[in-house]
Amino acid sequence: MKILGISAGRRSGNCELLTKQALKGAEAAGCEVQFLRLQDFKILPCTGCTACITRKYSGLQSACTIPDDADDYAKYVDLVLEADGFIIAAPCYNLTVAGRMLDANNRKHCFLTQLKERCAAQPKFAATIGVGGSDWTNFLMPVLNFVANEHCGSKLNLVDQILVENNSEPGLVILDDQLLDRAYKLGENVAGVVLAQDAAHPYRGDSEEVCPLCHGSHLQLYHGKLICPTCNTVAHVTEEDGKIVITWETPAELSRWSEYGDKLHMGAIRSGAQRFHQNKDAIQEKAAQLRGYLEPVKP
Ligand SMILES: Cc1cc2nc3c(=O)[nH]c(=O)nc-3n(C[C@H](O)[C@H](O)[C@H](O)COP(=O)(O)O)c2cc1C
């Protein structure tokens with residue numbers, strides 16, 4: 001069983017050191033390990049052509065219009081497809097995950113069919129490490145954990161997560177022995193779940209959480225209801241003896257990550273495509289009024 005460590009941070013930076021420490025734990029627990037630094041990979045951003053999605057919804061294998069030799073993404077895809085588990089670490093940039101990690105994740109649609117097939121045959125699992133230079137890290141973990149789930153073929157297969165704050169300079173984390181032990185444990189946890197193939201109960205984390213499905217700590221006010229923004233499940237918040245109590249209205253089978261959720265999502269995309277094809281002429285005609293207005297500034 002192979003665990004792939006992915007760091008979106010600096011060379012020898014905090015993410016890299018913690019990923020390697022976690023991989024040591026995974027290796028000691030009996031897995032083969034590999035490490036990649038996203039900064040070494042040239043990954044062009046998705047252009048939004050939607051060829052991958054159109055092919056997927058037409059029952060064809062998803063593919064990308066960016067040629068394989070234009071960048072290193074094909075190599076990244078091979079490594080992701082081959083791995084049985086992931087340790088994914090990203091620095092916090094501007095309250096969320098560093099862009100290079102998001103670029104890699106956005107391109108994922110071009111191999112989604114293959115990834116989902118592999119994950120259906122044998123589930124993949126992931127753990128995350130988020131690192132911030134301060135405590136301005138609010139959107140880091142939900143987005144990073146979403147990326148992790150996406151690497152597992154859009155399955156809620158998060159095993160563990162660590163948020164590290166107030167480590168701005170490269171390598172600072174190495175001073176914290178307790179943190180190093182926790183990262184090692186995270187690696188052991190991923191290896192344990194991968195080796196046991198425990199898809200029913202993969203989560204081994206211990207961080208503060210609000211949602212029992214994604215183990216995230218966020219709520220969002222959406223159309224008058226409080227929801228978990230990662231799972232799209234409805235929460236009710238009450239207070240008992242000065243403590244916040246959260247109960248969940250939507251069962252797991254109706255979450256974003258369920259078969260039902262996937263069908264809803266596919267339905268929404270299909271209906272958008274239908275509306276586009278039915279109104280192609282009207283879109284052309286109405287958009288023409290704005291097309292000639294203002295030439296974009298070129299670099
Ligand atoms: C462009 C940029 C934006 C950043 N924004 C944040 C931020 O919003 N919150 C935060 O806590 N740290 C922020 N940081 C600090 C990094 O998260 C921190 O230095 C981290 O240790 C980098 O990880 P690395 O050593 O693995 O590269 C930012 C750093 C950069 C370069």
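Predicted model: local features only at pLDDT ≥ 70, side-chain atom pairs only at ≥ 80, totals over all residues.

Student: Okay, overall first: how many helices and strands does the protein chain have?

Tutor: The protein chain has nine helices and ten strands, and its C-alpha trace spans about 65 × 55 × 40 Å along the principal axes.

Student: And what is its radius of gyration against that of a compact globule?

Tutor: The protein chain has 21 Å, which agrees with a compact globule because a globule of 299 residues would have a radius of gyration near 19 Å. Of those 299 residues, 37% count as buried, and among contacts with a separation of 6 or more, 71% are between residues 24 or more positions apart.

Student: Let's go to β5. Is it buried or exposed?

Tutor: Strand β5 covers residues 125–131, and seven of its seven residues are buried. F125, A127, I129 and V131 point one way, while A126, T128 and G130 point the other way, and both sets are buried.

Student: Which strands are joined to β5 by bridges?

Tutor: Strand β3, residues 85–93, runs parallel to β5 and is joined to it by seven bridges, whereas strand β6, residues 158–164, also runs parallel to β5 and is joined to it by six.

Student: What sort of unit do β5 and β6 make with helix α6?

Tutor: Together with helix α6, residues 140–151, they make a right-handed β-α-β unit.

Student: While we're on α6, is P142 buried or exposed?

Tutor: P142, which is found in helix α6, counts as buried because it has 21 C-beta neighbours inside 10 Å, and the cut-off for buried is 20 or more. Leaving aside neighbours within four places in sequence, P142 is in contact with G216, H218, P229 and T230.

Student: Back to β3, then: what else does it pair with?

Tutor: Strand β1, residues 2–7, runs parallel to β3 with five bridges between them, and I6 has I88 of β3 as its bridge partner. Strand β4, residues 96–97, pairs with β3 in the antiparallel sense over two bridges, with T96 of β4 as the bridge partner of Y93. The hairpin of β3 and β4 has two residues between the strands, and N94 there takes a positive phi near 50°. As for burial, eight of the nine residues of β3 are buried.

Student: Last one: where is the place of D72, and why does it count as partly exposed?

Tutor: D72 lies in the loop between α2 (51–57) and α3 (73–82), and D72 counts as partly exposed because it has 16 C-beta neighbours inside 10 Å. Leaving aside neighbours within four places in sequence, D72 is in contact with F41, K42 and I43. D72 and L254 are 182 residues apart in sequence and 37 Å apart in space, C-alpha to C-alpha.

Note on methods. Residues numbered from 1 in each chain as written. Buried ≥ 20, exposed ≤ 12 C-beta atoms within 10 Å, placed from the backbone. Helix = DSSP H or I, 4+ residues; strand = E, 2+ residues; numbered from the N terminus. Pairing = 2+ DSSP bridges. Right-handed = clockwise from strand over helix to strand, strands pointing away. Rg over C-alpha atoms; globule rule 2.2 N^0.38 Å. Contact = placed C-beta atoms within 7 Å.
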